[in-house]
Amino acid sequence: MKRAGCGAPGKVRMPASAALLSPEAGAASQPEPVFVTRRDAPIDRDALGGALAEAYFQPSFDPDADSVDTQMREYRRRIAYLVTELLESREAAADADLRDLVTTCILPSMSGNSNVDIEIRNGTLMAINRI
């Protein structure tokens, strides 16, 4: 059944070493789909992330909610993190998430000839240095 406000998911071919479990099959509190695979399975991360987002994204139409585009962008970011964590590691997912946030949030506010070092240690912002 197609959910209101969602596009029809595209077809993604996955090896038999992978499975997508619906949240209904698992715990009732599980808000995201459960995807299981072998780490060495040849899965296209972008295709999987896109298919999951199209299949499971449900926008909020609450008056206080962000726009549907903003909600979808955040949902795709979370899915990308989960897929990278599943297929590679938590560290790879955190690194990719950080690169994406820097690219989308920090770089647009900088001029083309600026150089900045940002240092974070043990979860604390230590320094922002213009060079």
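So, salt bridges: a search of the whole structure turns up 6 of them, where a salt bridge is a side-chain nitrogen of Lys or Arg within 4 Å of a carboxyl oxygen of Asp or Glu. Side chains of opposite charge can pair when their charged atoms come close. Before I go on, this is a predicted model, where local features need pLDDT of at least 70, side-chain atom pairs count only at pLDDT 80 or more, and totals for chains, interfaces and linings use all residues. Residues are numbered from 1 along each chain as its sequence is written, and side-chain values use heavy atoms, with hydrogens and water left out.

Okay, one of those bridges is arginine 45 with glutamate 88, and the closest N and O atoms there are 2.7 Å apart. This pair links distant parts of the chain: arginine 45 sits in helix H1 and glutamate 88 in the loop between H2 and H3, 43 residues apart. When I say helix, I mean a DSSP run of H or I with at least four residues, numbered from the N terminus. Arginine 45 counts as partly exposed because its relative accessibility is 33%, and glutamate 88 is partly exposed too, at 40%. For the cut-offs, buried is under 20% relative accessible area, exposed is over 50%, and partly exposed is in between, using a 1.4 Å probe and protein chains only.

Next, glutamate 54 and arginine 76, whose side chains meet in a salt bridge at 2.8 Å, N to O. Here again distant parts of the chain are linked, with glutamate 54 in helix H1 and arginine 76 in helix H2, 22 residues apart. Glutamate 54 comes out partly exposed at 23%, and arginine 76 is partly exposed at 34%.

Glutamate 74 bridges to arginine 77, with the closest N and O atoms 2.9 Å apart. Both lie in helix H2, 3 residues apart, which is about one turn of the helix. An α-helix has 3.6 residues a turn, so residues three or four places apart point the same way. Glutamate 74 is partly exposed at 33%, and arginine 77 is partly exposed at 23%. Salt bridges that share partners join Glu74, Arg77 and Asp97 into one network.

So what does aspartate 97 touch, leaving out residues up to four places away in sequence? That would be Arg77 and Tyr81, with contact meaning heavy atoms within 4.5 Å. Aspartate 97 belongs to helix H3, and it counts as buried because its relative accessibility is 17%.

Let's stay with H3 for a minute. H3 covers residues 90-106, so 17 residues, and it reaches 23 Å from its first C-alpha to its last, close to the 24 Å expected at 1.5 Å a residue; that expected span is 1.5 Å times one less than the number of residues. Which residues of H3 are buried? They're Ala92, Ala93 and Asp97. Looking down the axis of H3, these buried residues fall within an arc of 130°, so they line one face of the helix; the arc is that of the directions from the helix axis to the C-beta atoms. They pack against helix H2, residues 68-87. On the face turned away from that buried side you'll find the exposed residues Glu91 and Arg99. In sequence, alanine 96 and glutamate 85 are 11 residues apart, and in space they're 9.8 Å apart, C-alpha to C-alpha.

Now the inside. The largest nonpolar core has 12 residues, including Leu48, Leu52, Phe57, Tyr75 and Val83. A core here is a set of buried Ala, Val, Leu, Ile, Met, Phe, Trp, Tyr and Cys residues joined through side-chain atoms within 4.5 Å. Helix H1, residues 45-56, and H2 each supply at least two residues of this core, and H2 gives the most, with 5.

Last thing, the rings. A pair of aromatic rings is described by the distance of the centres and the angle of the planes. Rings of Phe, Tyr and Trp (its six-membered ring) pair if their centres lie within 6.5 Å, and planes under 30 degrees apart are stacked, over 60 edge-to-face, and the rest tilted. By that rule we get 1 aromatic pair: phenylalanine 57 and tyrosine 75, tilted, at 5.5 Å centre to centre and 55° between the planes. Phenylalanine 57 lies in the loop between H1 and H2 and tyrosine 75 in helix H2, so the pair ties together parts that are 18 residues apart in sequence. Phenylalanine 57 is buried at 5%, and tyrosine 75 is buried at 7%.
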